[in-house]
Each structure stands twice: as structure tokens, then as C-alpha cells.
Amino acid sequence: MQISVEKINSPGVLQSVNPSNGDIVWDGMASTKGDILRAAENAKDSFPNWSGRSLSDRTDILKKFAGILGNHKDELAKLISLEVGKPFWEAKTEVAAMIAKVDISIEAYKERSSEFYGGKAATRFRPHGLVVVIGPYNFPGHLPNGHICPALLAGNTVLYKPSELAPATAEFVMNCWKEAGLPFGVLQLIQGGPEPTRFLVNLPEIRAIFFTGSSHTGKKLAQQFAQKPGMMLALEMGGNNPLIVDPEYIRIIEGAHQIILHSSFLTTGQRCTCARRLIVIESTKSPAFIDTLIQKTKNLKVGDPFADPPPFMGPLASISCLDRVMLAQQDLLDKGAVPLLLAESTNPGTGFITPGILDVTDIQNIPDQEIFGPVLTVQTFRTVDEVIQKANNTPYGLAAGVWTDKGSRIFNLTTKLRAGVIWANTYNKFDPSSPFGGYKESGIGREGGLHGLSAYVK
Ligand code: NAD
């Protein structure tokens, strides 16, 4: 080990704050360099035993973990709602996805990584060794879990660095693994923000990094490891996702509006796949289509995650998340965006915000950035070719959607759009057997589904 044990400059206290009311949810310390070095040592020591165990042993522990998550599902969902402001009903769906991931990982391992014989050769897959999982805040349980489960099943040992906005959720999940009988050292938690993460990823023992987060951070990681081609780097990053609508050819207008609201504002706009750019194919029907959308957006219920009746949207995950969204909206307004409905911060000192819609059709240089919150931009264009060109004119390529009942247009649009996931007449629907990942600056990993497992072995 080359790196000496010393305190990180500002190790400090780490707190997670409830964005609904400012209460402290979790209070502790970020991991120090010493903690991280010890964790890496433990992980290295436990690798031979863990990877040497039979697949059925490891499978049993994963299944126990799923059972324990099931026993505590409401507690975990509550913690997610407290830490990141997700409505409780939605946090429960996140926990359900975590439980489902166990069986999907087991099935994917059998499909993709079982040894096979062809001619006189045997092909066997091996774990990487010590791997790092870095999580974002918007799905603090489900997204890291989506890497941890298959990585452990494949025999890797894992250092898990959750978002600094959700340390309590991570700690809870770790306790579930412990209760499931996961041996010491196989999965360890590193708490904190960018600083401990930078130290962690530079440890010489790390063989793979599974990162989910912004394109900004992902690109930094990619630059950092440009000279280490042997490092498996899976990057799941952001997007500036277009959703193309064709009001002239939409039979069920109500359904299209519902999908737009869900695609843009679910999770308070904090889904990597959220539609950010509504691109409208102009027709005599488009003004009325947009007017009704504005009215429906105004009616979305924003409220406390535990309110009864439940809200559609809770607060943004933190006050700094709110500040970023408000600044991005202001920037568009300064550049000439027409506010069709302004997003507004409703309770100072919390993350609560109402959804907004801005018409940016006439702005020349629209900043091509992901606004990670409930602000939807709208642009209207005359021809389908122009619409495709505008939709693809971005360094991102995570998700895209199309809504039209004209069959030839569905085909034309979906075949020409450049994005990892393309939905037609629906949005944000996921088939667990399909892989997930973006083009260009949205990602290089392919997680999920049966294909995803390839990343966790070599
Ligand atoms: P982020 O990039 O700010 O942080 C992600 C993680 O990286 C956190 O754990 C953070 O502590 C760590 N980190 C931050 N700066 C770092 C640095 N310089 N070096 C090393 N680690 C660093 O992202 P976020 O704000 O937590 O999450 C929101 C972003 O994640 C959005 O852009 C969203 O689109 C994206 N996202 C992508 C997917 C996907 O599957 N493609 C899924 C969810 C979220």
C-alpha cells in the first residue's frame, strides 16, 4: 500500500437533513483515509474466501438479504422519504425494486456467467476482485443495490460509497446485509462526499468502479482513469432527454398529458430518465395541447412525502438541489425563455418547489444541460426532420420518448433517435430483463437485465 494514513483535510461531520423540514435525519462522521485504507485491506483479505465459496452459498445470502429487506420494507422506505424527500408511496416502489433485483441478478448470472464448453475450450468468468460502487441521491437504495447484488453474487468484494445526502439509507441496507450473514469485509460502507471518494477510487487495489451520478463527475472519473485501461469503469450518468409529441396525431390526449407529467415531474424531476425537453411537432392542435398541459401541471399535488392523500411530488432532495434548479431556470429566463409556468420555491429553508414549464423555442443558444428538477422546456418545430435533428443535437443520449398515433412516424422517430432507452407512447416504463444505459456523455455501462451481468466479471 503506497498511500499513508492521514486525516482527510476536512473529514468533518456528515449529516443528512430532511428536505421537507430541515430536521437532522442522520448525524455521523465521513470516513477518514484511515477508515478507507482499513476497509480496503479487509476487502482484499476477504476476497479469496468469498470468491472461493460456491455460487449457491452466495446465492443463499442474497436471497436472505431479499427476505430481510422484505421484512423491513416500510422502515427502509420511510428512511428514503426522510432523507431525500421522495413521497412514501414512491419510496415503497424503490424498495420493491431492490428486492426484485436479487432474483434478476441470480437469473442473469446463470444466463450470462455460467461456464460453458465450446469445442475443446472451457470459458469461465471470474470476479474482478475489489470493486467500488458509488451511488447518487435520487434512488439512494435501488441504484447502488443494482450494482452491489450482482457484484457480490459474482464473487467480488465491494466498497460502497453512497450519496452524502443519504447516509442513513445506506447504513440501514448494510445492517440488512449483516443480518443476512454476509461475512465481515465482503461489503463495507464508506461515508462522505467527493473527497473520500477521490481517495477511495485511487487505491491501487481497486479493479472496477460502478458509478451512477452526474455526467460532470463521471467525466472526471473517466479522465482520471484514462491511463489505466485495465480498470473496469461503468458510468451511468445524466441526460437532457427529449420527448417528442405530435398533437395532430394523438387520439387520447388525456393519456399523452398524463405521460408527459409523469415523465417530467415524477420524483420531483430527479430521475436521470426524466423528459427535460418537450419537442412539439407543430399543428393547429399544438397550442391547445400545450395550454392543457400547463393547466394539468398546475394541478399536480406537491406536499409532504407522508401526507394523506399522498402528494405526486415531494421536495427536492436538498436546499442546494433547489438552488441549482432555480439558478438554471433563471438562466433560461435571462436568455429569453418564455415562462409558461414558473417553478417556484414554496417554503424557504426546505426543498419544496412547484413544477415549471418554459418555452425556449426562440432562444438561439440554449444551454445543453440537465436541469435535475421539475423544470420542463418546450420547443415547437414544423417538420419531423427538424424535430429529429433538435432531439439528437446534444452530447447526451440517455433516454428519449415519442408520442404519436401515426405508425410511420413512430418507426421513423424511434429508429433515428440516438438514446439508450427509447419509449413509444409511454415513458419511464422499465422491463427488468432489458439492459439500461446511455450513449455519449450519458454513460458507458450497461446495467440491468440479463446483459448487465457481464460488467461484474471478466
Ligand atoms: P453526483 O455526480 O454529484 O454524485 C454522485 C456520487 O459521486 C456521489 O456519491 C458523490 O459523493 C460522488 N462524487 C461527487 N463528486 C465526486 C468527485 N469529484 N469524485 C468522485 N466522486 C464524486 O450526482 P448526484 O447529484 O448524486 O446524482 C444525480 C445525477 O445522477 C444526475 O445527473 C442524474 O442524471 C444521474 N443519474 C444517472 C443515472 C443513470 O443510471 N444513468 C441514474 C440516477 C442518477
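User: Two strands pair if DSSP finds at least two bridges between them. So which residue of β14 stands opposite Ile279?

Analyst: Gln379 in β14 does. This is a predicted model, in which local features need pLDDT of at least 70, side-chain atom pairs count only at pLDDT 80 or more, and totals for chains, interfaces and linings use all residues. Residues are numbered from 1 along each chain as its sequence is written, and side-chain values use heavy atoms, with hydrogens and water left out.

User: Which other strand runs parallel to β14?

Analyst: Strand β13, residues 356-359, is joined to β14 by four bridges and runs parallel to it. There, Leu358 has Thr377 as its bridge partner.

User: How many of β14's residues are buried?

Analyst: Seven of the seven residues in β14 (375-381) are buried. Buried means under 20% relative accessible area, exposed means over 50%, and partly exposed lies in between, with a 1.4 Å probe and protein chains only. Both faces are covered. One side has Val375, Thr377, Gln379 and Phe381, and the other has Leu376, Val378 and Thr380.

User: Now β1. Which residues are on its covered face?

Analyst: Leu14 and Ser16. The uncovered face of β1 (13-17) holds Val13, Gln15 and Val17.

User: How does β1 run against β2, parallel or antiparallel?

Analyst: Antiparallel, with five bridges between β1 and β2 (24-29). Val13 has Met29 of β2 as its bridge partner. The hairpin has six residues between the strands, and Gly22 takes a positive phi near 85° there.

User: Zoom out. How many helices and strands does the chain have?

Analyst: The chain has 13 helices and 16 strands. Its radius of gyration is 22 Å, close to the 23 Å that the globule rule gives for 458 residues, so the chain is as compact as a globular protein of that length. That radius is taken over C-alpha atoms, and the rule is 2.2 Å times the number of residues to the power 0.38. The C-alpha atoms fill a box of roughly 70 × 60 × 45 Å along the principal axes. Buried residues make up 54% of the 458.

User: On to the ligand. Which residues come nearest?

Analyst: There are 28 residues around the ligand, and Glu164, Ser214, Thr217, Met237 and Glu370 come nearest. A residue is near if one of its heavy atoms lies within 4 Å.

User: Which ligand atom is 2.7 Å from a polar backbone atom of Met237?

Analyst: A nitrogen atom. Ser214 has a polar side-chain atom 2.7 Å from an oxygen atom of the ligand. Gly213 has a polar backbone atom 3.2 Å from a ligand oxygen. The protein covers 92% of the 850 Å² of accessible area that the ligand has on its own.

User: Which elements give two or more residues to that shell?

Analyst: They are α7 (194-201), β8 (206-212) and α8 (215-224). Helix α7 gives the most, with three residues. The shell divides into 12 nonpolar, 10 polar and six charged residues.

User: What about the loops? Where is Asn156?

Analyst: Asn156 is in the loop between α5 (142-153) and β6 (157-161). Asn156 counts as buried, at 0% relative accessibility. Its side chain reaches the backbone nitrogen of His128 at 2.7 Å. That side chain also reaches the backbone oxygen of Tyr456, at 3.0 Å.

User: And which side chain does Asp246 contact?

Analyst: Arg409, through a polar contact of 3.0 Å. A polar contact is a pair of N or O atoms within 3.5 Å; within protein, one must be able to donate a hydrogen and the other to accept it, and residues adjacent in sequence count only if both atoms are side-chain atoms. Asp246 sits in the loop between β10 (241-245) and α9 (253-265). Asp246 is buried, with a relative accessible area of 1%.

User: Last one. Is Leu316 buried or exposed?

Analyst: Buried, at 0% relative accessibility. Leu316 lies in the loop between α10 (286-298) and α11 (319-334). The C-alpha atoms of Leu316 and Thr268 are separated by 6.2 Å, and the two residues are 48 residues apart along the chain.

Conventions
Accessible areas come from the Shrake-Rupley method with a 1.4 Å probe; for residues, only the protein chains shown count as cover. Ala, Val, Leu, Ile, Met, Phe, Trp, Tyr, Cys and Pro count as nonpolar, Asp, Glu, Lys and Arg as charged, and the others, Gly among them, as polar.
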